[in-house]
Structures are given as C-alpha cells and as structure tokens.
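This note sets out points for a colleague who is examining the coordinates. Please read each point with the structure open.

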Amino acid sequence: MTSAEISKDMPARPAAREADEGARLGLRLTLPAQLLVLFISVFPLLMQLYISLTDWSPLSGLGWPRAYELWNGFANYVDVAGDGRLWSALGRTALVMVVCVPVEFLLGLALATLFADSFPGKRVFYSILIMPMMVVPAVAGYMFYMLFQSGGPVNDILSSLLGMPVTVAWLSDPMLAMLAVMVADIWQWTPLMFLILLAGLVGVPEDQMKAATLLGASPWQKFRTIVLPRMKTIIIIALAIRVIECFKIFDTLFIMTGGGPGVATETISVYIYKITTQDLIWGYVAAIALVILLVLSVACVWAIKRMARKERAA
Amino acid sequence: MTAIRLENLVKRFGGFTALKSMDLSIGDGEFMALLGPSGCGKSTTMNMIAGMEEPSEGRILFGDRDMAGVAMGRRGVGFVFQNYAIFTHMTVRQNLDYGLRMARSPKAEIARRTAAIADLLQLGDLLDRPASGLSVNILQRVAIGRSAMMEPAIFLLDEPLSNVDAAFRAVMRTELKHIQREFRQTMVYVTHDQLEAMTMADRIAVMDHGVLQQVGTPLEVYNNPANVFVARFIGAPGMNLLAGVPVEGAEGLRIDLGALGRSAVLDAPLAAAARRAKGGVQFGFRPEQVDLVAAGAGLGMTVGFVERIGARTIVHLERDGITAKAVFDNDTRVLVGDLVHLAPHPGALRLFDAATGAALREV
Amino acid sequence: MRRSPAFEAFRYAAILLACAITLVPILWMVSMAFKPIAEWQATGADLTWFPKEPTLDNFRYIFGESGSNLIVALDRTAAKPILSSLLSASLGTLIAMAAGTSAAYGLSRFGAGGNLPLALIQLRLFPPMAVMIPVMMMWSFLNLMDTWWGLALIYGIVTLPFAFWLMKTFFDDMPREIEEAALVEGCSRGRVFWRITLPMMRAPLASAALFVFILNWSDYLIALLLTTREWVTIPVYMASLSSSMTGQLYGAKAALGLIAAVPPVFLGIMIQRHLVRGLTFGALKQ
C-alpha cells in the first residue's frame with residue numbers, strides 16, 4: 001500500500017488532530033516543571049526587586065509587605081557600586097577561578113591522556129580517581145580542615161619530605177588559607193575535568209590518530225591537529241561548568257575557613273551569606289543579588305546565542 | 001618503489017600466536033593481495049609492515065633496509081584504513097596536504113603536489129569541501145591521495161572495500177586497479193574477499209591460522225592449489241575433495257572412491273605422484289570442470305538440490321554421505337533425485353595427500 | 001598503539017601518585033573516625049596515620065552515648081539529621097524526577113516547553129546564594145522553614161535542571177518505533193507513556209534518580225539557610241558540632257563525615273557510566 005492509500009483507509013487519526021493532541025499533551029507534561037520554575041523565579045524576583053528598593057531587614061519590625069515604609073529608592077544600588085568588600089570578594093572569587101580552573105583542566109587532561117588506552121588495573125584506578133567529586137563538598141571541606149591543622153598530616157608529610165619539623169598554621173594565614181582552599185577545590189574537582197575530558201578523548205577515533213602518525217605527525221602535532229579540534233566543544237563545556245561552579249564556591253571553603261582569617265578567603269557567596277545572616281541588611285543583599293543575577297543572565301544568554309550561531313554556521 | 005621481504009616473521013600476543021613464521025617476497029611495483037579468512041594473520045602481517053606492531057621474531061626488509069626500530073611515521077608507507085580514517089573535521093585539501101604540512105614543506109611545493117594528486121584522482125572540484133559527508137568512493141580517493149602525497153614507496157590497503165555495499169564494489173575495484181596502474185607502486189592489499197584478490201592482484205598470498213598457505217598468481221592459486229585449504233577456499237564454490245585410495249590395475253592407476261566407484265585411469269605423471277602418497281588421497285576437481293557422462297563411465301551420484309544462480313546452475317550431489325558440487329550451464333537438464341555420472345575434465349584432476357593435505361604434484 | 005616500557009612505568013608512577021593524593025584526605029577522615037579521643041589531636045611524632053586502638057566510640061558518641069568521660073554527651077544526636085537528610089533528599093529527588101521526566105518527555109516527543117530548557121540552564125547557572133533571601137521569606141510565609149519537606153521542595157527545584165536534561169537525552173536516545181507501533185495499535189498517548197515508555201526507561205530513570213539524589217544529599221548552603229534546629233541535615237549538624245563548648249570533636253565529626261560521604265561515593269561508582277552525561281547536562285555521553 002502506498003501512503004495515500006493508508007490515509008484513505010484510516011481516517012480515524014488525521015495528522016492535524018494528532019499534532020494537536022500531541023501539543024496539548026506536551027503542554028500538560030511540561031506544566032509541572034514550568035510551574036516550579038515560575039515559582040522559583042517570578043515571585044522571588046519580584047520580592048527581591050521590591051525589597052531591594054527599601055531598607056527593609058527582618059529586624060525592622062515590619063512584615064516584608066510593608067517594606068515600602070522604608071523606601072529608599074536606588075540607594076542600595078548606589079551602595080553596591082561603592083562596596084569595597086563586595087569588590088574584593090569578587091576579586092577573590094575571580095582569583096580562585098583563574099587559579100583552580102586551569103590547574104584542574106591541565107591535571108585532568110594529563111590524567112585523561114594517561115587513561116586514553118587500556119592497561120591493567122584501569123577500572124580500579126579510574127574508580128579511585130573519580131571519588132573526590134562524589135564526596136559531599138561540606139565533608140570534603142572538613143577533611144581539608146583536618147588536614148591543614150598545624151599539627152595535621154599535611155605538615156607531617158611536609159616535615160618528612162623536608163627533613164625538618166613544619167608547623168605552619170595554614171588556615172590562620174591569609175595567603176596560606178587561600179592556598180589551602182584552592183588545594184581543596186583542585187582535589188575535589190580535578191576528577192570532574194578528568195572524567196569529562198577522558199570521555200572526549202576516547203571519542204577521538206583511533207584510526208585517525210594512527211593515520212596521522214603514518215603521515216609523520218609528531219605527538220604534539222597530533223594533539224594539536226586531531227585531538228584538540230575534536231575535543232573543542234567538550235573542553236568548552238568542561239571549562240564552562242567549572243567556571244560557573246567556581247563562581248558559586250561556598251561549601252568547602254566555608255567549612256574550612258568561614259571566609260577567614262578576617263576576610264582573606266571571603267568569596268561572593270560567603271560575603272552574601274554573612275551579610276544575610278549576620279548583618280541582616282536584606283534590602284541591600286537583595287540589590288547585590290539582583291545585580292549578580294542580571295549580569296549572569298546577560299552573560300548566559302549571550303553565550304548560548306553565540307554558541308547557537310556557531311553551530312548554525314558549522 | 002621498493003620491494004618488501006618478510007623473513008621468518010612471527011607475531012605473538014601473549015600466549016596466542018597470530019603469525020607463525022612467515023616468509024614472503026613482494027616485488028617492486030607488485031600488487032600483492034593477502035587473502036584469508038578472519039583471524040588468519042593477514043592484518044597482523046600488514047600492521048607489522050606498517051610499523052604499528054613490532055614483530056616477535058624475524059625481519060622486515062624494504063629493499064635492503066631492515067625496518068626494525070624504524071617508527072611507523074618514518075617508514076615511507078602509505079596506509080589506507082578499512083574505514084579510510086579521513087580527518088572529518090578538515091576539508092579535502094587539508095586531508096590531502098596534512099602530511100606535508102606536518103613536515104613543514106614549502107607552501108609552493110604543497111600547492112603543486114596537491115594540485116597534481118587532485119588532478120590524478122579527480123578531486124579538483126572537491127578540494128575545499130568539508131571531508132565529512134562525502135560518498136565512499138570519494139573518501140577512498142581522498143584516503144589514497146592523502147597517502148600518495150607523501151610519495152610513499154609502499155602502499156598498504158586494509159580491506160578498503162569491506163564497508164562498501166556490494167553493488168558499488170565493482171566500481172571501486174576498477175577504480176583502485178586503475179589508480180594502482182597510475183602510481184605503479186608496490187601495493188599490499190589485505191582482504192577476505194577472493195573476488196577482490198583475484199581481480200586486482202598480481203599475486204595472491206593465501207593465509208590461514210597464521211600460516212602462509214600459498215603464494216602465486218590468481219590463476220596459479222586457482223588452478224594448482226598447494227593444499228586442501230587453498231583448494232577449498234579459492235573458487236566459489238570451492239574445489240570438490242573426495243577421499244580415495246589409489247588402486248593399481250592392469251591398465252594403470254585408478255582412485256577408488258568407495259561408493260562412487262573408481263576413477264578413470266590416471267595419466268602417468270599424476271599416477272606417479274599418487275603412488276608417493278602414504279595412505280589415502282584427496283581426489284580433487286573444480287565444480288566447473290566436470291562433464292556428465294554415460295552411466296557406468298564416471299562417478300555415480302544423486303542430485304540432491306539444484307541451485308540456479310543466473311548464468312549458471314550449481315548442482316549439489318550426494319551419495320552415501322559423500323557430497324560434491326558441479327556447476328553447469330543453465331541448459332543442462334538435471335532433476336532432483338536423478339542419478340548422474342560425472343567425469344572431471346581431462347587435466348582438471350588434482351590429488352592431495354590425505355595425511356598432510358599437501359598437493360601431490362607431478363614431478 | 002605501541003608503548004615503550006618507560007612510558008608504562010611513567011604512567012603507573014603518575015597514576016599511583018594521583019591515587020595517593022586522592023586517597024590521603026579520605027583515608028585520614030576514615031582513620032580519624034575510628035580513633036579514640038586520645039589520638040584525635042596527636043601531633044608531631046605522636047601523629048598516627050592509622051588508629052593505634054581502633055574504636056567505634058565516635059559512632060556511639062554521635063548517636064547519644066558518651067563513649068568517654070572527657071566529653072559531655074550530645075543533647076541532640078545525629079539520628080535526626082540523618083533522617084532529615086534522607087527524607088529531604090529523597091522527596092526532593094522525587095519532585096525533580098517527576099517534573100523533570102514528564103517535561104523531558106514533552107520536549108523530546110512533542111517539542112513542547114518553549115523557553116523551559118533555557119530557563120533551566122539559567123537556574124543551574126545562578127548561585128543559590130543570590131536567590132536565598134526571597135526563598136527564605138517565601139518559606140517562612142508558607143511555614144516551610146526548618147522542615148524537611150520545605151527543604152525537599154527547594155531541592156526538587158534546584159536539581160530539576162539535571163533531572164530534565166538527563167532524562168531528555170535518555171528519551172532522545174530511545175527508539176521511537178516501539179511507541180509508534182503501540183500508537184498504531186490504538187493505545188492512547190498517555191497509556192503508551194505509562195505502559196511502554198516508562199517501563200523501558202527503568203534503568204535510565206534509576207540512574208538519573210541516583211544522580212539527582214547525590215546532588216540533593218550533597219547540599220550544605222541551602223540547608224544552612226532554611227533549617228535552624230529541628231530538621232538540620234548532616235552537613236549542617238556536623239558544622240555545628242565544632243561550635244559547641246566542648247572544643248573540636250574531630251573524631252565525632254569524622255565519623256559523621258564518613259556517614260555522609262559513603263552513600264554518594266557508593267552510588268556514584270554504581271552509576272559511573274552516566275556521570276559524564278549528568279554532569280554535562282547530557283551534552284556529552286560516555
């Protein structure tokens with residue numbers, strides 16, 4: 001039978017009705033998720049916008065709907081621009097990002113390269129190496145808190161390596177505390193890079209690598225001309241994920257140092273947490289949060305549009 | 001252009017011996033096919049020539065030069081992979097000039113050679129197309145061209161037609177043979193398809209279970225198989241092999257084939273060869289090389305099944321558990337259940353030693 | 001590919017070093033969890049990598065028994081935080097999976113959803129810290145503060161993007177012929193989804209659910225802000241132990257950390273195959 005005959009014989013489900021039914025069903029299926037997203041975006045955004053224009057605080061003795069009584073216009077936003085502590089928190093967050101992400105990327109890539117072909121014990125080593133990323137970050141924070149105690153095992157290892165007693169108080173020194181926090185981040189998230197990059201690496205066809213070898217390409221040339229171009233998207237994804245997560249960094253760091261000593265390891269999230277729970281200046285926090293959301297939204301939409309355009313061009 | 005010599009080549013993977021002592025000489029400019037079923041060691045042999053595998057024992061010589069320790073990128077071999085291994089993220093041109101770019105050849109030289117190869121392989125119009133999404137025959141040409149750009153002394157092709165659908169293979173075979181004539185290069189071609197080997201190769205090396213069985217021109221391998229494996233493997237269908245015992249009679253030597261009766265008297269040289277066999281012989285003849293004869297003259301067998309394959313008819317014969325095949329023209333009238341009498345063409349008879357499987361050749 | 005013995009030696013050396021660095025922090029915590037109080041703070045020459053006298057006192061202690069007369073018994077044991085973590089992570093997983101799976105099916109089969117995928121990516125991108133003030137306000141308005149179900153609701157929303165994208169790639173991978181055959185047989189769309197698609201997707205559903213559970217279980221920040229006393233989760237409880245007047249409870253916290261760390265590590269290794277897919281939002285399959 002040709003398709004024309006089929007549709008003549010079976011008029012029960014005309015294509016238009018079918019599509020209509022599908023669209024309605026699709027709408028119903030996506031509805032719960034849509035509602036949840038609306039619930040977490042629309043109300044909070046409106047509330048946040050509202051109180052960000054006021055001096056409201058949970059301590060102000062007013063219910064938040066009456067926050068308009070403390071209206072102060074755009075004063076909070078003006079303060080954001082001049083908030084030195086916010087900008088240094090942003091700077092520290094950026095510092096963690098520019099140190100940790102490249103280190104994690106390079107270590108992950110190096111490990112992935114070692115795992116690209118099979119060798120005895122590969123599965124066991126693989127399972128061990130991906131463990132850190134599955135440890136609850138707060139627990140990881142506690143692990144490193146213990147490790148970096150002045151009488152802890154890090155100093156013990158350093159002592160035996162250097163042949164002299166080392167009693168550095170890692171978490172009480174502004175510079176070393178930052179370093180310790182970065183070490184913890186690198187420990188926990190290099191496995192993620194390793195995992196993603198390895199998945200990309202094994203996707204590079206072995207025959208193409210052999211073909212390149214037979215055409216006289218050196219290992220570096222093969223990496224540059226075959227491996228990298230084929231892994232470009234994967235590398236971008238891996239880096240993007242880590243940059244985003246680094247921007248949010250909180251759990252591990254907060255358990256290890258609480259943002260201290262002083263404000264030495266205070267990142268954006270820690271800063272917001274502190275002024276939320278200690279200073280309780282919620283109107284001002286709302287203004288900071290909105291600015292961050294706005295900047296990130298613009299960046300995100302821009303990045304996705306750009307990626308979509310590149311994909312179309314390819 | 002370079003001759004290849006394999007001396008005493010052995011390859012073991014752990015406890016498994018993939019190749020047991022192979023000796024083979026491939027002439028300068030020759031098209032040699034390595035033919036055999038999967039697992040026969042042909043790909044291993046090829047990989048060792050290319051330098052992808054290190055031999056466990058033995059030597060590989062290109063001309064007079066021992067290749068031991070020469071890295072795979074430095075051997076001057078062109079390799080065409082089964083799936084062509086085209087760099088799909090590049091254009092056709094970037095594929096072709098890849099090797100020269102990696103070697104940092106002068107731009108003018110790269111352009112000149114690319115133009116020459118593209119012209120030869122009719123890739124001129126496609127040079128700036130992305131290499132993904134091209135049809136197989138173009139991919140094959142790109143793969144060959146990419147290797148040819150390096151002006152290799154030797155071309156190795158690893159079953160390049162196995163992913164091509166049957167209808168297109170004939171076209172690709174012709175094209176490949178044509179390209180080889182253009183390049184006049186030593187080519188080693190691995191395949192499990194005897195049709196490819198027979199139609200393209202100057203000589204065929206038949207392999208099985210890591211052992212080289214026979215080397216010869218396609219006709220030699222077909223006409224005078226060195227042993228029962230080659231006899232069965234080459235030809236479609238393969239050679240009939242019937243167990244028999246030489247019997248001396250008044251007129252001369254015949255082969256007693258049990259239930260099928262006795263063969264005609266063997267001519268003197270073949271009889272002499274048969275007398276050398278200890279124990280029994282395998283009585284071999286090609287299905288294409290038999291005639292129907294009158295009752296009482298040839299081997300009597302019953303027609304079990306008639307298979308019409310178009311131009312020809314394959315008749316499956318049976319008697320007391322002994323089976324054989326015969327290929328006739330379509331106008332031959334045989335019916336299932338008929339008792340027919342067969343006689344191999346004069347000169348078509350081949351004998352093999354039943355104990356060793358080796359051909360009993362006239363001396 | 002041929003590898004030289006030197007390369008193999010280098011490879012094993014590098015991998016063993018990486019494994020050692022990976023394992024040291026974990027082993028230290030495991031070891032600490034079994035150390036008696038005397039060894040908790042032993043330093044210098046007295047520092048012990050493995051407990052000299054392994055004991056379960058730390059575990060007994062966090063469940064209310066005072067294993068040693070050096071430290072006072074806890075007024076609140078670890079039992080309820082563990083329950084809280086379990087309940088909130090489980091219900092959160094259920095919410096995320098239910099909404100995510102159905103939306104993923106709607107998008108994969110009917111192209112429904114409009115801006116939902118993009119919205120979910122943005123949801124994933126934002127630091128939770130930046131929306132927590134209004135969430136705290138809403139939660140107290142809805143009487144959800146300091147409850148495990150309130151925590152579960154926010155967990156369900158936060159991990160929805162993962163559930164959605166993971167399930168979408170699984171649905172995209174599933175051949176449609178079977179569903180189409182059932183439709184031709186006259187089954188309704190809904191019936192096909194319940195009777196054919198979901199049973200076929202049992203394994204991917206389980207992997208996605210475990211993945212989402214790990215994420216929920218791992219949360220610290222949200223619970224820190226939304227729970228105060230009654231229903232604090234394990235990480236919040238663990239952190240609060242240190243501020244008690246009894247000083248650093250190394251061993252007890254390590255025991256608690258071990259309890260928190262074991263399930264996700266175990267589950268994570270179980271769903272190894274899908275980790276990459278989940279972490280990259282399905283952009284990459286292993």
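In which helix of chain A is Thr225(A) found? Thr225(A) lies in helix H10 of chain A, a helix being a DSSP run of H or I with at least four residues, and a strand a run of E with at least two, both numbered from the N terminus.

1. Basis of the note. This is a predicted model, in which local features need pLDDT of at least 70 and side-chain atom pairs count only at pLDDT 80 or more, while totals for chains, interfaces and linings use all residues. Residues are numbered from 1 along each chain as its sequence is written, chains are lettered from A and ligands numbered from 1 in the order in which they are written, and side-chain values use heavy atoms, with hydrogens and water left out.

2. Surroundings of Thr225(A). Thr225(A) has a relative accessible area of 10% and is therefore buried (buried is under 20%, exposed over 50%, partly exposed in between, with a 1.4 Å probe and protein chains only). Its side chain reaches the backbone oxygen of Gln221(A) at 2.7 Å. Leaving aside residues up to four places away in sequence, Thr225(A) touches His89(B), Met90(B), Tyr98(B) and Met102(B), where contact means heavy atoms within 4.5 Å.

3. Extent of the interface. Contact between the two chains involves 16 residues of chain A and 22 residues of chain B. The chains bury about 1,600 Å² between them, 65% of it on carbon and sulfur atoms; this buried area is the accessible area (1.4 Å probe) that two parts lose on being put together, summed over both. Of the area that chain A buries against chain B, 41% comes from Asp207(A), Leu214(A) and Leu215(A), more than from any other three residues.

4. On the side of chain A that touches chain B, helix H9 (206-214) and helix H10 (219-248) each supply at least two residues, and H9(A) gives the most, with 7 residues.

5. Salt bridges within the chains. Over all chains, the structure holds 30 salt bridges. In chain A, Glu266(A) pairs with Lys274(A), the closest N and O atoms being 3.1 Å apart, and both residues are buried. In chain B, Glu7(B) and Arg5(B) meet at 2.8 Å, N to O; Glu7(B) is partly exposed at 23% relative accessible area, as is Arg5(B) at 33%.

6. A link between strands of chain B. Glu57(B) and Arg12(B) form a salt bridge at 2.9 Å, N to O. This pair links distant parts of the chain, with Glu57(B) in strand E4 (residues 57-62) and Arg12(B) in strand E1 (residues 4-13), 45 residues apart. Glu57(B) is partly exposed, with a relative accessible area of 40%, and Arg12(B) is partly exposed at 35%.

Key:
A salt bridge is a side-chain nitrogen of Lys or Arg within 4 Å of a carboxyl oxygen of Asp or Glu. A polar contact is a pair of N or O atoms within 3.5 Å; within protein, one must be able to donate a hydrogen and the other to accept it, and residues adjacent in sequence count only if both atoms are side-chain atoms.
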